[in-house]
Amino acid sequence: MQSVVLLKNVNKSFGSAGRPTTVALKDINLEIGPREFISLIGPSGCGKSTLLRTIGDLIEVTSGELLVNGKPARQARINREYGMVFQAPVLFEWRTVLKNVELPLEIMGVPKTERTQRARAMLKLVELQNFERHYPWQLSGGMQQRVAIARALAFRPELLLMDEPFGALDEITRERMNAELLRIWQETQTTVVFVTHSIPEAVFLSTRVVVMSARPGRISDIIPIDLPYPRNVETREHPHFFELVTTVREALRKGEEMRET
Amino acid sequence: MITGALRFQRYAPPLIVFFAVIVLWEVLVDLLNIQRFLLPAPSVILEAFFRTFSTIMSSAAYTIRSAVIGFLIGAGTGILVALATARWTTIREGLMPFAIALNSVPIIAFAPIMNNWFGSTNPMSKIMIVAIITFFPMMINMVRGLTLVEPAKLELMHSYATAPFEVLTKVRIPNSLPYLFNALKVCSTLALIGAIVGEYFGGPRESLGVYILQEAQLFRFDNAWAAIIISALLGIAFYLIILAAERVAIPWHVSVEKR
Ligand SMILES: Nc1ncnc2c1ncn2[C@@H]1O[C@H](COP(=O)(O)OP(=O)(O)O)[C@@H](O)[C@H]1O
Ligand SMILES: [Mg+2]
């Protein structure tokens, strides 16, 4: 089966003339298959966002090979093969909730009636069907983020890239959003790459957790998560859940120690 | 929803202040025996207001016309130039420092020059002054509105592989609308100031500026004050029209909603 994301010896450094360069990514090798849910976890500044943004062709790699659905990332972006969700909802203040979700469809030239229909279906998926005529400022942070997710899913991308989408939410809302995202992921057959620095969040959501360490940013461990589905509130209280949380925590610590020696 | 009681609470204080000042003014003019040419009492001005209303309004028509045409030309050109700079960055980088510098110049000082160029009774002399005065704030604000877009919004559009023209119409232009309306409010005031002060330096007999000047020179200060009040009312009307347009055009904007 073809991989959705394939990174081979990818390096990325930032820097301009006269300033020291930052090696944000060093020798990244990662293959992500269809329908996987991959979390990227690591200390801040370890290059999680950078890795996600190179996959989305928002920044270019310095060297190495990067394929999305078997094509260069740039081509995948032009073909609109991925949806992006940032930490902030990035909604357009002048558009209602429905119009915000319709935006990518509008740009892709989807006819009006179909566009509205699909946007409504997405709002239903994130359980905001009663808010379609609201403006973003009338919604809470969690609701705004759900609009952003609906928008990213509206054009049915094969790949969903999420950069700490629930980072600004309180713990309880975050857990509820986790459960919703998992349900949406199962319903939509999307591949997800998800940046987080919450260990329980990564364990709860993922099929595999990619542990990164900093300076230079690299992958220090990959931990498969074999928790059964459906995952729900009870999953979080399961002994195996705690074992996996501990495994990820130790992998993170080891990644840090490797840097110090 | 604003209920009647809330509405009263909001408008009562300024109304009380307004009437208190008028009453104080009336009483002080009487008590201190202030000469009419220094400051007429409100009752005297009010009397002159109704007596001369039609005369003043026929003069005001000329001034309104210069102000509105100049405003449309100045603000319109400002918007077009700003749109051009959004498309061609080099124009923006070349133009903005000059625009910002010129915006701080008291352009009204050029009024005598315009009168000299076009002839003081030619409407173009006032229209041009108003156009130049309104051009700079409009252009500067509009450029800001088109360029000060949250970077994540542009990144999102990039992720959809959006054509630059669509980024302009779907992101930059809507983003600029609050800036545009702020500039229009500033310009509406500037337009009237430009037209009236331009007329002080010479204009046709039937114009607000010339009327105020002439009545003041003839010591008919009650009439002059009545005309000044009409200028003020015109300024307020102009401003309110733009406020209403803003409410219709950008109902989503926080400054509109929370008012
Ligand atoms: N545009 C940029 N220019 C220069 N350095 C950058 C840029 N973006 C990220 N970096 C650097 O790359 C490293 C990784 O950043 P980032 O990917 O944002 O980390 P994370 O998302 O894991 O917190 C950091 O040291 C950061 O300072
Ligand atoms: Mg980050």
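**Figure 1. The annotated domain of chain A.** UniProt places the feature "domain: ABC transporter" (unreviewed entry) at residues 5–235 of chain A. UniProt positions follow the numbering used here, feature names are shortened, and annotations may be inferred rather than shown by experiment. This is a predicted model, in which local features need pLDDT of at least 70 and side-chain atom pairs count only at pLDDT 80 or more, while totals for chains, interfaces and linings use all residues. Residues are numbered from 1 along each chain as its sequence is written, chains are lettered from A and ligands numbered from 1 in the order in which they are written, and side-chain values use heavy atoms, leaving out hydrogens and water. Across residues 5–235 of chain A, 34% is helix and 27% is strand, and the end C-alpha atoms lie 28 Å apart. Helices (H or I, at least four residues) and strands (E, at least two) are DSSP runs, numbered from the N terminus.

**Figure 2. The shell around ligand 1.** Which residues are around ligand 1? They are A:F14, A:T22, A:A24, A:S44, A:G45, A:C46, A:G47, A:K48, A:S49 and A:T50; to be near, a residue needs a heavy atom within 4 Å of the molecule. These residues divide into three nonpolar, six polar and one charged. Here Ala, Val, Leu, Ile, Met, Phe, Trp, Tyr, Cys and Pro count as nonpolar, Asp, Glu, Lys and Arg as charged, and the others, Gly among them, as polar. In chain A, β2 (22–32) and α1 (48–55) each supply at least two residues of this shell. The largest share, three residues, comes from α1(A).

**Figure 3. A closer look at the oxygen atoms of ligand 1.** A polar side-chain atom of A:T50 lies 2.4 Å from an oxygen atom of ligand 1. For A:S49, an N or O atom in the side chain is 2.7 Å from a ligand 1 oxygen atom. At A:C46 a polar backbone atom takes part, 3.3 Å from an oxygen atom of ligand 1. Ligand 1 has 560 Å² of accessible area on its own, and the protein covers 58% of that area. Accessible areas come from the Shrake-Rupley method with a 1.4 Å probe; for residues, only the protein chains shown count as cover.

**Figure 4. A salt bridge in chain A.** Look for A:E106 and A:R95, which form a salt bridge with their closest N and O atoms 2.9 Å apart. A:E106 lies in helix α3 (residues 97–107) of chain A and A:R95 in the loop between β6 (82–85) and α3, so the pair ties together parts that are eleven residues apart in sequence. A salt bridge is a side-chain nitrogen of Lys or Arg within 4 Å of a carboxyl oxygen of Asp or Glu. The whole structure has 23 salt bridges over all chains.

**Figure 5. A nonpolar patch on chain B.** Chain B has ten helices and zero strands. Its nonpolar surface patch of about 770 Å² is made by B:F98, B:L102, B:V105, B:F110, B:I113, B:W117, B:F118 and B:M124. Patches are made of residues with over 30% relative accessible area and no salt bridge; like charges are joined within 9 Å, and nonpolar side chains (Val, Leu, Ile, Met, Phe, Trp, Tyr) within 5 Å. Which helix gives the most to the nonpolar patch? With three residues, α4(B) does. B:F110 lies in the loop between α3 and α4 of chain B.

Methods:
A polar contact is a pair of N or O atoms within 3.5 Å; within protein, one must be able to donate a hydrogen and the other to accept it, and residues adjacent in sequence count only if both atoms are side-chain atoms.
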